[in-house]
Every structure is written in C-alpha cells, then in structure tokens.
Amino acid sequence: QDPRALPGARMRKTRVQRMVLATCLGSFLLVIFYFQSSLNPGEWHGHRSGRNPLQALYDSDQFEQSSLQATHQQRRDLLSSVCNRYTRRRRLLTPDDLRHLVVDDMHGLLYCYVPKVACTNWKRVMMVLTGQGKYQDPLEIPANEAHVSSNLRALSEYSTPEINHRLRNYLKFIFVREPFERLVSAYRNKFTRRYNTAFHKRYGTKIIRRHRQEPSNEALERGDDVRFEEFVYYLLDPRTQHEEPFNEHWERVHSLCHPCIIHYDVVGKYETLAEDANYILQLVGADASVKFPSSSKTTRTTDDMTAQFFEDISPFYQRRLFNLYKMDYLLFNYSIPSYLRLR
C-alpha cells in the first residue's frame with residue numbers, strides 16, 4: 001500500500017469521527033432543549049381558540065406584572081428552587097406518571113388533578129372546555145359524571161411524540177392545598193360518611209384489623225368506624241406502601257403530579273381558588289360564559305377543624321406524619337401548622 005495514502009485515510013477517519021461526535025452532541029442538545037423549552041413556548045397547534053395560553057402567560061410576564069402575576073411567578077420560582085435543592089437527578093416520565101394529567105386539546109391545556117383540591121369542579125370545567133358545546137354550565141354536570149374517566153382524556157393515552165409535544169407547548173397547571181387540611185378532608189370524606197362503603201370495605205377493614213386492639217367482629221366486617229388515629233398509624237406503617245401505592249386521596253401531591261419533572265406554569269391554591277381559577281380561564285381565552293363554580297363552605301375542612309383531629313395524635317406520630325408530607329409543605333410554601341407539637 002502507498003504510504004502517502006495513509007495521511008488521507010487518517011484525515012477521512014478523523015472527519016467521520018468528528019461528524020459522529022457532532023451528531024451525538026446535536027442529539028444531546030435536543031434532549032436538553034426538550035426540558036428547557038417549557039420556559040420558551042414553541043409552536044402552537046390550537047384547534048379552536050387560536051390562542052396559545054402558554055405564550056399569553058410568559059408574554060404577560062415581560063411587562064409590568066400585576067400582583068397576581070407576581071404571586072404566580074414567586075410560586076414557580078419557589079417550586080424550581082426546592083426541586084433543585086432536593087432532587088438529585090431527574091428520572092424519565094412513565095405513562096403511569098401521566099394518568100392524573102387531563103388534556104384539553106382545544107385550548108392547549110394540561111391539568112393535573114389532585115383529589116380533595118376542588119378537582120370535581122375542575123373536571124366539570126374541563127368537560128365544558130373540551131365538550132364542543134355539549135356542556136354549557138359546569139354545575140349542571142353531576143359529580144359522578146365528572147369522574148367517569150372516558151369523559152376526559154389523560155395524557156397517558158397519547159403516543160410518546162404527542163405527549164412530548166403537549167408537555168412542551170400546552171399550559172400546565174395544578175391546584176394544591178395545605179397538606180394536613182387535605183388529609184383530614186380525605187379522612188372525613190372516606191371514613192366518616194356512611195355512603196362510602198367501598199372505602200370502608202377496601203381500606204377500613206384492613207386498618208381496623210391491623211391497628212385496633214381487640215376489634216369487634218362487626219368492626220372487622222364493616223370497617224366503617226376508623227378513627228383518625230388509626231388512619232395515621234396506617235399511613236405510617238411500612239407495610240402500607242410496601243404492599244401498594246397510597247390511594248390518590250391521601251397520596252402526596254409530588255407523587256401524583258411530579259412537579260420536579262413536569263414544569264407547571266401555574267400553581268393554583270385552594271386557599272385562593274376563585275382568583276387562581278379565574279386567572280387560568282383568562283389565560284386560555286375561555287368563553288366569558290364559562291365560570292368556575294363557587295365552592296360551598298358549609299362542610300369544608302378548615303384549619304381549626306384539622307387542629308382538633310391532631311389533638312389526640314402524640315408528638316412522636318405528628319413528627320413522623322409531617323416528615324411523610326414534608327415535600328408538599330416545602331414545594332408549595334406551606335408553613336408548619338401551629339397546632340403541631342414537633343419539638
């Protein structure tokens with residue numbers, strides 16, 4: 001072989017290596033861009049409203065901020081800083097992670113529903129937004145119909161490219177609530193209401209069997225008189241989560257909606273429900289006739305009520321329970337309840 005041909009061959013080899021390296025680097029940058037792009041909304045394929053709510057949100061942030069916009073910016077910033085502090089590495093999302101994300105393709109909207117945080121009313125509103133005129137007034141939709149899974153599409157039902165497109169280009173929002181208030185609300189609803197027999201059978205009987213000394217046969221059979229203290233023991237029992245994930249009504253928000261992997265554009269709060277709901281409906285350019293239902297305050301679980309439930313829980317169990325829900329307190333800027341005896 002002609003030795004003069006060697007430098008040319010070497011050059012060609014080097015060129016090929018450079019091209020391979022450039023291609024790999026390009027792919028790598030595309031992956032990174034996918035994560036970053038939620039802050040810089042890309043193309044929009046809205047079907048009806050022609051308005052990109054994500055663009056509307058971030059464009060409005062460029063100008064003089066209203067106090068409401070500033071509040072939501074602070075919530076996003078806090079979420080981001082807590083995630084950076086506590087999550088070491090980002091894992092990839094699985095379809096199972098996306099079951100709680102409801103899709104509105106007409107307005108470019110993704111809503112992660114959290115039970116016991118006005119999720120029935122939000123599902124009703126989403127049915128009006130996606131219903132193509134079938135529904136006019138959210139309150140006319142029966143509560144049980146709002147929870148029929150076929151009435152709304154979950155993000156997990158889409159293909160991977162469709163999921164990525166929606167995560168990049170749709171406005172993503174979530175509603176949260178003071179964690180222990182939400183927990184007591186779930187307990188009251190599922191274990192103290194006579195009509196929730198499915199929960200009594202499914203969870204109540206197991207809780208009583210494991211966490212009540214000398215239970216009566218009737219209690220073991222019916223499971224309808226679980227005490228809050230027993231519910232707390234059940235949540236803290238290592239066997240509980242070892243056997244199956246928490247039920248969605250008491251699962252932590254960060255485990256349901258993955259706010260450190262999915263970049264939420266709006267974090268609404270139960271405590272400011274009406275104005276935050278209004279803000280989202282304005283951003284999506286929803287029809288003026290679409291109003292978020294005002295909630296009935298009569299049976300609502302309040303802070304004072306929550307404090308009463310914790311009176312009989314020992315400081316040892318209060319501390320353990322707080323640690324279980326601690327990430328939700330940190331991520332969504334809720335302070336440690338004054339009624340807890342953690343020291």
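Strands β1 and β2 (residues 109-112) form an antiparallel pair joined by four bridges, where strands are DSSP runs of E with at least two residues and helices are runs of H or I with at least four, numbered from the N terminus, and pairing requires at least two DSSP bridges between two strands. The model is predicted, so that local features need pLDDT of at least 70 and side-chain atom pairs count only at pLDDT 80 or more, while totals for chains, interfaces and linings use all residues. Residues are numbered from 1 along each chain as its sequence is written, and side-chain values use heavy atoms, with hydrogens and water left out.

The loop between α1 (5-36) and α2 (53-60) contains N52. This residue counts as buried because its relative accessibility is 9%. A polar atom of the N52 side chain lies 2.9 Å from the backbone nitrogen of L54.

Helices α7 (residues 179-191) and α15 (residues 315-331) cross at roughly 120°, their axes coming within 9 Å; axes are lines fitted to C-alpha atoms over the stretch in contact, and angles run from 0 to 180 degrees between N-to-C directions. In this crossing, P179, F180 and L183 of α7 meet L321, F322, Y325, D328 and Y329 of α15, contact being defined as heavy atoms within 4.5 Å. By class, the contact comprises seven nonpolar, no polar and one charged residues.

Rings of Phe, Tyr and Trp (its six-membered ring) pair if their centres lie within 6.5 Å, with planes under 30 degrees apart counted as stacked, over 60 as edge-to-face and the rest as tilted. By this rule, the count is 27 aromatic pairs. F173 and F175 form an edge-to-face pair, because their ring centres are 6.2 Å apart and their planes stand at 90°. F173 is buried at 0% relative accessibility, and F175 is buried at 1%. The rings of F322 and Y329 have centres 4.9 Å apart and planes at 45°, so this pair is tilted. F322 and Y329 are both buried.

Methods. Buried means under 20% relative accessible area, exposed over 50%, partly exposed in between (1.4 Å probe, protein chains only). A polar contact is a pair of N or O atoms within 3.5 Å; within protein, one must be able to donate a hydrogen and the other to accept it, and residues adjacent in sequence count only if both atoms are side-chain atoms. Ala, Val, Leu, Ile, Met, Phe, Trp, Tyr, Cys and Pro count as nonpolar, Asp, Glu, Lys and Arg as charged, and the others, Gly among them, as polar.
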